[in-house]
Amino acid sequence: MASSVKQVKQQLRKIVRASLRKLSPEALTKGSAEVAKRLCETKAYRESRALCVFISMPQAEIQTKVILEKAFKDGKRCFVPRCTSKTDMVMLEAKSMEDISTFPLSHWKIPEPKMDEGRASAIDCKEIDLIVVPGVAFDNKNRRLGQGAGYYDRYFSKMKESRAKVGLDMPTLIGIGLSCQLVDEVPVDEYDFVLDEIVSNA
């Protein structure tokens, strides 16, 4: 059963990634801006004090620059991912778009904060009340298909455990994607977190 779920996930990733690669830069920018606008209109965003937001890959992924710019403008604390191994990551605080522009590029050409700069970690921040989550595909039951490495599901597990120790609920988890990333059904297994909401331009 597990292997069949894995196979279906791999096939679905292939199909959706091909659709994303076909989008023109103009369509990607326009769709990303529409999603950013809708996300920033949600109650979860409006009421958030601190949030985690991924920094996009340069191509074939919804762009989050507008979301980050808006969050900084709105005076919210922003935390962005830093991969620490092939399976784990942390979320470290970024102070501004200028700060992000100084980050070195990762293997995926994504700016990532350095580990040795004394930056605050989202797991230790009680103010975190929203995590904006990337994905390859999403469905109408708020299920998410990730890139396949398990970074986010492992991170959610660690955050859930850490917050439970101090009596805090999990932050709201909102997946964002373009209309071509919405599918009828995302196959899941026991380790996959179901999100609270999906925001798209569909």
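Colleague: Which residue in S3 stands opposite Pro81?

Modeller: This is a predicted model: local features need pLDDT of at least 70, side-chain atom pairs count only at pLDDT 80 or more, and totals for chains, interfaces and linings use all residues. Residues are numbered from 1 along each chain as its sequence is written; side-chain values use heavy atoms, with hydrogens and water left out. Helices (H or I, at least four residues) and strands (E, at least two) are DSSP runs, numbered from the N terminus. In S3, the residue opposite Pro81 is Met91.

Colleague: In which sense do S2 and S3 pair?

Modeller: Two strands pair if DSSP finds at least two bridges between them. S2 covers residues 77–83, and six bridges link S2 with S3. The sense is antiparallel.

Colleague: Which are the edge strands of the open sheet?

Modeller: The sheet has six strands with mixed pairing, in the order S3-S2-S1-S4-S7-S8. An edge strand pairs on one side only. That holds for S3 (89–94) and S8 (197–200).

Colleague: What is the handedness of the crossover from S1 through H4 to S2?

Modeller: Three bridges join S1 to S2, and the two run parallel. A crossover is right-handed if, with the strands pointing away from the viewer, the path from the first strand over the helix to the second runs clockwise. This β-α-β crossover is right-handed.

Colleague: Within what arc do the buried residues of H4 fall?

Modeller: H4 (residues 65–73) has Ile67, Leu68, Ala71 and Phe72 as its buried residues. They line one face of the helix, because, seen down the axis, the directions from the axis to their C-beta atoms fall within an arc of 130 degrees.

Colleague: Which residues are exposed on the other side of H4?

Modeller: Exposed means over 50% relative accessible area. On that side of H4, the exposed residues are Lys65 and Lys73.

Colleague: At what angle does H2 run to S8?

Modeller: H2 (residues 25–40) lies across S4 (128–133), S7 (172–177) and S8. Contact here means heavy atoms within 4.5 Å. Axes are lines fitted to C-alpha atoms, for helices over the stretch in contact, and angles run from 0 to 180 degrees between N-to-C directions. H2 runs to S8 at about 140 degrees.

Key. Buried means under 20% relative accessible area, exposed over 50%, partly exposed in between (1.4 Å probe, protein chains only).
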